[in-house]
Amino acid sequence: TNMRHLHRAFARARSTLASTPLDKPLEKPIFFDMCHSNNAARVRLWMALKRPGGMGHAIESRMLTYPDLKKADFAAVNPLKKVPALILPDGAPVFESNVILSFLEDKYGDAGPRLTPRTPEGRAAMELLCRVHDLYIASPNTTAPGFSHSQGAMYLSYGWHGPERGMDLPTRAAKIAEIWRQLCWLEAELEASDRRRAMVSRLHLDKFTRDPDAAGGPHLLGQLTLADLTWFPTCVFMEFMLPRFFGWPQLFDPAAADPAPTPFPRLAAWYSAMRAEPAVEAVRAEIWAYWEEMEAAGQFKPIVDEIAASADPTLKLTYGVPQAVQLNYQQPPPAGKGTGRYINQPDLGDVVDEHVAAEVTMRDARELHPPASLDALGFALQSWPTKCDDFEDDDAVVATYYGEMMDLVKAASGAERVFIFDHTVRESGNTNLNAAAGGSAAPVPRVHCDYTASGAPRRLQQLGAEGIYSRLRGRVLTPEDVEEL
């Protein structure tokens, strides 16, 4: 019976698209849903939360499966062959989840509490949250085969979905990184919103309140809005997949500690507040049960095997799990002695070089959002491939690597001139910190800083006294040149 209704709705929609008048309008709009679709689930949440008992009296729902989307009939409802989709009583199709939600809230806003803020500022904030989700998480922004949304990196693979929907591991890593960046952004937005509300309250700036209904609420904008309905189902995907298959912490559990506490405490509090609503928890359970079935069926095995087989250390797939490491720190020297060591000269016995190990929590700087910069943190990460293929060949290093590093320093710092005066090759098999002529040295096993604000100019003067060859000028710099620098 349901399928007969479905095909009848398809036929009416096709008539509309062909500009043929309907013989009979639909009694009410028809919403096409799919149990595990996060984008359809946001509309399903709206249907459940808009009024007690739901919106079934005004809107009919049809639950589809993935094969249904590929049928020719469904293309008349949504030419993209995706859910959600909506057929209006006159047969006109509406698709794209944000468009559907905006239409429903506009059409049936008085059926229950409004799920859009009352002020322009509040609505702009809501639209931004939805837009970021749709652009950077939930859409590939193309209908061409071979492209996937960022969220697809959590569950699509060549092994299960074939070449049209799968992806290679570097692409997966890039999309997983995008998910992390957008979660960082969303957490920062919640923190900034808390600060703004606190300022408005402290200074009694009522005219700057984004929405009177939002103050103090547990949702993304204080009050429940379409932004909450947009992000929650996608976060169910993340909750299920990222810890299981990619080693992330439990992002949305405020109490979780293994393998690490959530890096997003505000998002975790919001997610818990959303789950406290029975209708929301019911939608989560539906999505969760589907992915449990697919895990049992083996959908995620190609992804797990692909990650396990990778030997590329530059591909990052786990986020939010800092490591406990041992770092060596310099010990204060005893009375009468300084800290240091002699290099290529006799030890006079007046300095000591002792260090002690301490456990430190170390985080991956690739997780910083916004990225690390020289101005803000004193360091930056930058990809800079080299054409030097033999670092044990000093001539090759000087001829190739020096120029590459000069260009890197200029690009990263804005420096106009860069001087390289020597280099040291360090290998973990060595124990001597000082390299012999033509050889390599051991890594320096302690936390240290090579230069200070006063030490760097002093080192330049020392080098100037020894003679610095300038590639730019084609000669050794004079003392006057060095002083100018």
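Visitor: Why is Cys-235 called buried?

Guide: The relative accessible area of Cys-235 is 0%. Buried means under 20%, exposed means over 50%, and partly exposed lies in between, with a 1.4 Å probe and protein chains only. A value of 0% is under 20%, so Cys-235 is buried. This is a predicted model, in which local features need pLDDT of at least 70 and side-chain atom pairs count only at pLDDT 80 or more, while totals for chains, interfaces and linings use all residues. Residues are numbered from 1 along each chain as its sequence is written, and side-chain values use heavy atoms, with hydrogens and water left out.

Visitor: How many disulfides does a search of the whole structure find?

Guide: The search finds zero disulfides. For Cys-184, the nearest cysteine sulfur is that of Cys-235, 13 Å away. For Cys-235, the nearest is that of Cys-130, at 12 Å.

Visitor: What makes the rings of Phe-232 and Trp-270 a pair, and of which kind?

Guide: The whole structure holds 20 aromatic pairs. In this one, the ring centres are 6.3 Å apart and the planes stand at 75 degrees. Rings of Phe, Tyr and Trp (its six-membered ring) pair if their centres lie within 6.5 Å; planes under 30 degrees apart are stacked, over 60 edge-to-face, and the rest tilted. The pair of Phe-232 and Trp-270 is therefore edge-to-face.

Visitor: Why is this pair said to link distant parts of the chain?

Guide: Phe-232 belongs to helix α9 (residues 226–246) and Trp-270 to helix α10 (residues 265–275), and the two residues are 38 apart. Helices (H or I, at least four residues) and strands (E, at least two) are DSSP runs, numbered from the N terminus. Both Phe-232 and Trp-270 are buried.

Visitor: How is the pair of Tyr-290 and Trp-291 classified?

Guide: The ring centres of Tyr-290 and Trp-291 are 5.1 Å apart and their planes are at 75 degrees, so this pair is edge-to-face. Tyr-290 is partly exposed because its relative accessible area is 21%, whereas Trp-291, at 2%, is buried.

Visitor: What is the relation between the axes of helix α2 and helix α11?

Guide: The axes of α2 (residues 38–49) and α11 (residues 278–297) come within 9 Å and cross at roughly 150 degrees. The helices are therefore roughly antiparallel. Axes are lines fitted to C-alpha atoms, for helices over the stretch in contact, with angles from 0 to 180 degrees between N-to-C directions. Angles under 35 degrees count as roughly parallel, over 145 as roughly antiparallel, 65 to 115 as roughly perpendicular, and the rest as oblique.

Visitor: Which peptide bonds are cis?

Guide: The bond from Asp-258 to Pro-259 is cis, with omega near 5 degrees, and Pro-259 is in the loop between α9 and α10. The bond from His-369 to Pro-370 is also cis, with omega near 0 degrees. Pro-370 lies in the loop between β8 (355–362) and α13.

Visitor: What makes the phi values of Lys-81 and Glu-96 worth noting?

Guide: Most residues other than glycine have a negative phi. Lys-81, which is not a glycine, has a positive phi near 55 degrees, and Glu-96, also not a glycine, has one of about 80 degrees. Lys-81 is in the loop between α4 (72–75) and β3 (85–87), and Glu-96 is in the loop between β4 (93–95) and α5 (97–107). Both are partly exposed, because the relative accessibility is 31% for Lys-81 and 38% for Glu-96.

How values were computed. A disulfide is a pair of cysteine sulfur atoms within 2.5 Å.
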